[in-house]
Amino acid sequence: MTTVTFHESNGRMDGVVVDGHSGYADAGSDIVCAAISSTVGLLECTLNEVLGLGAPTKVKEEEAHLSLRLPTGLSESNEHTSQNLMVGLMVYLQALAQEYPDNLIVLLDDDDED
């Protein structure tokens with residue numbers, strides 16, 4: 001099972017962590033893993049290569065782990081865009097999790113919750 005955890009603090013989505021193999025199929029044939037990997041990869045490329053935000057990303061392939069953190073102090077435009085991208089990723093992955101509940105879970109870690 002893959003667990004995707006979005007981190008939110010002070011009303012700002014500031015990171016995402018992806019852990020584990022989905023287990024839907026063998027490596028190379030796993031459509032759930034491919035969907036997760038490609039959408040997270042698109043987010044990372046858009047944030048870093050297109051917008052130039054320098055969002056730190058750590059990948060540990062052998063552990064099936066990826067983490068991405070949004071930097072602070074972004075311009076208003078980049079903040080708005082990055083928030084929309086993060087929410088879009090979360091909405092997409094939540095829909096995928098509904099379709100493949102045995103293979104993907106999406107969580108929100110909200111520092112503001114009591």
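Predicted model: local features only at pLDDT ≥ 70, side-chain atom pairs only at ≥ 80, totals over all residues.
Visitor: Why is R12 called buried?
Guide: Buried means under 20% relative accessible area. R12 has a relative accessible area of 17%, so R12 is buried.

Visitor: What makes R12 and E79 a salt bridge?
Guide: A salt bridge needs a side-chain nitrogen of Lys or Arg within 4 Å of a carboxyl oxygen of Asp or Glu. The closest N and O atoms of R12 and E79 are 2.7 Å apart, and the pair forms a salt bridge. The two partners come from distant parts of the chain, with R12 in strand β2 and E79 in helix α2, 67 residues apart.

Visitor: How many salt bridges does a search of the whole structure find?
Guide: The search finds two. In one of them, the side chains of D14 and R69 meet at 3.3 Å, N to O. D14 lies in strand β2 and R69 in strand β4, so this pair ties together parts that are 55 residues apart in sequence.

Visitor: Is D14 buried or exposed?
Guide: D14 is buried, because its relative accessible area is 13% and the cut-off for buried is under 20%.

Visitor: Why is R69 called partly exposed?
Guide: Partly exposed residues fall between the buried cut-off, under 20%, and the exposed one, over 50%. R69 has a relative accessible area of 40%, so R69 is partly exposed.

Visitor: Why does L107 count as partly exposed?
Guide: L107 has 38% relative accessibility, so the label is partly exposed here too. L107 is found in strand β5, and together with M1 and I105 it forms a nonpolar patch on the surface.

Note on methods: Residues numbered from 1 in each chain as written. Heavy atoms only, no water. Patch = residues over 30% accessible without salt bridge, like charges linked within 9 Å, V, L, I, M, F, W, Y side chains within 5 Å. Areas by Shrake-Rupley, 256 points an atom, 1.4 Å probe, with all protein chains shown as cover. Helix = DSSP H or I, 4+ residues; strand = E, 2+ residues; numbered from the N terminus. Buried < 20%, exposed > 50% of the residue type's maximum accessible area, 1.4 Å probe, protein only.
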